[in-house]
Amino acid sequence: FPGTLTYKGGAKSDTKILYDLYNQRAGADVKNSILESEQAVEEFSISLPAKFGGNTLLFKSTESYGNGSLKNYFNVLEEGPKATFLKLFRIKLISDPSNMMDKEQKVFEQYYEYYLYNNSTRELGKIKLKEKDIVKQLGDEEFVKSLISKGNLDVSNEVDVIKLIQGYNIK
């Protein structure tokens, strides 16, 4: 997909981007392969075509949030001065569900995990879309509960958690 790569050090490149979810690598598309660069990709954005929603997705290295051990890219769902809501896409190999008896044949299964980054404490925490996890990571139970009830938000829903983080960031 077309997009923008930003390398460590600030160099930017507008180009077609490939993102390998399984190996967690991203880079410029050169003949359907990821261009290997000496510079690490700090962030990239992908512009989706209209048939996939027409949105622009922003991905940032886990190192941007103080976690160098993950070596992945977070999809930034909502970023603000107080908190950032992140999604991490993952892929694992599982036995083929159409033939569970064949131990050799494997298929890819995509799943994702959510993270919340608290800008004031500089803590990155893996969360489930549950009120107690969000409250624990943000550290403001009273405000979170009032925002959920005022906005009639269902925090098991990604879109409502984005609204909650937006409200928290303008508090």
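The model is predicted, so to speak of local features pLDDT has to be at least 70, and side-chain atom pairs count only at pLDDT 80 or more, while totals for chains, interfaces and linings use all residues. Residues are numbered from 1 along each chain as its sequence is written, and side-chain values use heavy atoms, with hydrogens and water left out.

**The overall fold**

The chain has three helices and 10 strands. Helices here are DSSP runs of H or I with at least four residues, strands are runs of E with at least two, and both are numbered from the N terminus. The C-alpha trace spans about 50 × 50 × 35 Å along its principal axes. Of the 171 residues, 40% count as buried (under 20% relative accessible area, with a 1.4 Å probe and protein chains only).

**The cores**

What does the inside look like? A nonpolar core is a set of buried Ala, Val, Leu, Ile, Met, Phe, Trp, Tyr and Cys residues joined through side-chain atoms within 4.5 Å. The largest one has 20 residues, and Phe85, Ile134, Leu138 and Leu164 have the most contacts inside it.

Helix 3 gives the largest share, five residues. Leu164 touches Ile134, Val144, Leu147, Ile148, Leu153 and Val155, not counting residues up to four places away in sequence; contact means heavy atoms within 4.5 Å. There's also a second, separate core of 13 residues, with Ile17, Ala26, Ala28 and Leu48 among them.

**Helix 1 meets helix 2**

Helix 1 and helix 2 pack at an angle of about 140°, with their axes 9 Å apart. Axes are lines fitted to C-alpha atoms over the stretch in contact, and angles run from 0 to 180 degrees between N-to-C directions. That makes helix 1 oblique to helix 2 (angles under 35 degrees are roughly parallel, over 145 roughly antiparallel, 65 to 115 roughly perpendicular, and the rest oblique). From helix 1, Glu131, Ile134, Val135 and Leu138 meet Glu141, Val144, Lys145 and Ile148 of helix 2.

**A loop residue**

Leu70 sits in the loop between strand 6 (56-61) and strand 7 (73-79). Leaving aside neighbours within four places in sequence, Leu70 is in contact with Thr62, Arg90 and Tyr115.

Key:
Buried < 20%, exposed > 50% of the residue type's maximum accessible area, 1.4 Å probe, protein only.
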